[in-house]
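Visitor: I'm new to protein models and would like to learn how to read one. Can you walk me through it, step by step?

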Amino acid sequence: MDNSFYLNQQDIEQQSCYEGRKYENRHTTFNIRTSAGHLPLQRFLTWLSGCPLPGQIPAFKRPPITQVADTIGLFLVLMVVGVILLESANPIAYIGLPLIWLLATGRARKSFITIAHQVVHAQLLTVKKKRAREFLNLAVGELIGVLFWVPSPDKYFQSHVRSHHKLLELATPLDQDGISIFRLGFLPGKSKRDYWLLLAKHLANPLFYIKETFIRMRLRLLSSGPLQRLASWVFLVSLLGAAYTYNGWQALMLVYCVPVFIGFSLSGLIQGLGEHGWGVKMDIVGKLARVLPVSQGRFLFDAFPAPSNRIAQLKWWSRLITYHLPARIAILNGDVQHHDWHHCDPRSLRWTESVYARADSIEQSAEDRHCIATHSWSLLESLERSFDAMSKAPPLTKHWKDQLDRNNEVHVI
Ligand SMILES: [Zn+2]
Ligand SMILES: [Zn+2]
């Protein structure tokens, strides 16, 4: 039971131990986070873990525009710093580059899955005047599309709002956001070992990155709307022209292409696999009660060791800095840790503080919840739980296999 992916009312009743919030399970308890409640830097630990302390409230309300600045703005700053590092021909450049890749990958991912995502939900910038709001939201979404070679807002709206959020399509072969995952072979009914091997095979295969790059280039340069195509062609010619004029091919490849094409796809596949149980609970497709059982919160934290155990404490800090922190920066960034909450309340303007909004939502609905929101505590655990649920699910029926064959949509991971 401890490792089961999702708890639903039936599972809980069968356990005969459900007493409202008293029910304790690694995937429902917050005790792992509170075990470090006595440490300094609590705001930082809440941001990193994605889990607040009981009763903790946001220090201040962050305007959405600052989220735009820390994604697109910081990405551009990182590009400049990367080019300066390379130009300096200093050996330190090659130490600094991996850090640039990690940060720039995270900024590119957050631009897509948090900022452009809120554009398609029409709630990124909350300017009062409707026309100005729509124009500014669209402008940010289009800029992200050009800069990172991802779908423009109109296409993203179709795949995400019109398909992924639809109960009849969420995490099924009809899901236009998730279609790439199914196409890469992550179908229900395989063994957990098979999923891990498949993931390793894709991540180690240069063809995976080449194909993803090709899909994105074709999407932007050939199959988007006329204005989007024009913008992407202008951007491409500018990039190549600048590299040619200033002999900056190395900078173009190492500073821009590595995070935007390699880091982005690597991070996207890992993120996407832990986001939902793909092809799971297919017997209740279309029901609201399926949303939480195929979703999970994704915290990044370990239980803090006993005060007397200094070695274990050192290990705890090491894992926090070298494992959980990079995962938060490059893979589970923005509000994606609380994607299960987003599915329950997609119109909420609290996406900028989703860490608190998810906890409040669980607190408020603890007594009458049909299904229980659950969470993992590390990046690998989020994948393990997804694979566990998919391995326990039966293979797709002929009906769903036919749907998969017929789904011709192309979507960026
Ligand atoms: Zn989703
Ligand atoms: Zn959404």
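This is a predicted model: local features need pLDDT of at least 70, side-chain atom pairs count only at pLDDT 80 or more; totals for chains, interfaces and linings use all residues.

Guide: Let's start in a loop: asparagine 247 sits between H11 and H12. Helices (H or I, at least four residues) and strands (E, at least two) are DSSP runs, numbered from the N terminus.

Visitor: What is the phi of asparagine 247?

Guide: First the general idea: most residues other than glycine have a negative phi. Asparagine 247 isn't a glycine, yet its phi is positive, about 50°.

Visitor: Is asparagine 247 buried or exposed?

Guide: You count other C-beta atoms, placed from the backbone, within 10 Å of the residue's own: 20 or more is buried, 12 or fewer is exposed, and in between is partly exposed. Asparagine 247 has 8 such neighbours inside 10 Å, so it counts as exposed.

Visitor: Which loop holds tryptophan 149?

Guide: The one between H6 and H7. Tryptophan 149 also has a positive phi, about 60°, although it is not a glycine. With 25 C-beta neighbours inside 10 Å, though, tryptophan 149 counts as buried.

Visitor: How many residues does helix H6 have, and how far does it reach?

Guide: The expected span of a helix is 1.5 Å times one less than its number of residues. Helix H6 covers residues 130–148, which is 19 residues, and reaches 27 Å from its first C-alpha to its last, close to the 27 Å expected.

Visitor: Which residues of H6 are buried?

Guide: An α-helix has 3.6 residues a turn, so residues three or four places apart point the same way. In H6 the buried ones include Asn137, Val140, Gly141, Ile144 and Phe148. The buried residues of H6 pack against several helices, among them H4 (64–87), H5 (92–120) and H12 (249–275).

Visitor: Which members of the largest nonpolar core touch the most others?

Guide: A nonpolar core is a set of buried Ala, Val, Leu, Ile, Met, Phe, Trp, Tyr and Cys residues joined through C-beta atoms within 7 Å. Of the 70 residues in the largest one, Ala116, Ile144 and Phe148 touch the most other members. Two residues are in contact if their C-beta atoms, placed from the backbone, lie within 7 Å. Leaving out residues up to four places away in sequence, alanine 116 touches Gly141, Ile144 and Tyr156, among others.

Visitor: And the whole chain: how many helices and strands are there?

Guide: It has 17 helices and 2 strands. The radius of gyration is 22 Å, close to the 22 Å that the globule rule gives for 413 residues, so the chain is as compact as a globular protein of that length. That radius is taken over C-alpha atoms, and the rule is 2.2 Å times the number of residues to the power 0.38. Of the 413 residues, 42% count as buried.

Notes. Residues are numbered from 1 along each chain as its sequence is written. Chains are lettered from A and ligands numbered from 1 in the order in which they are written.
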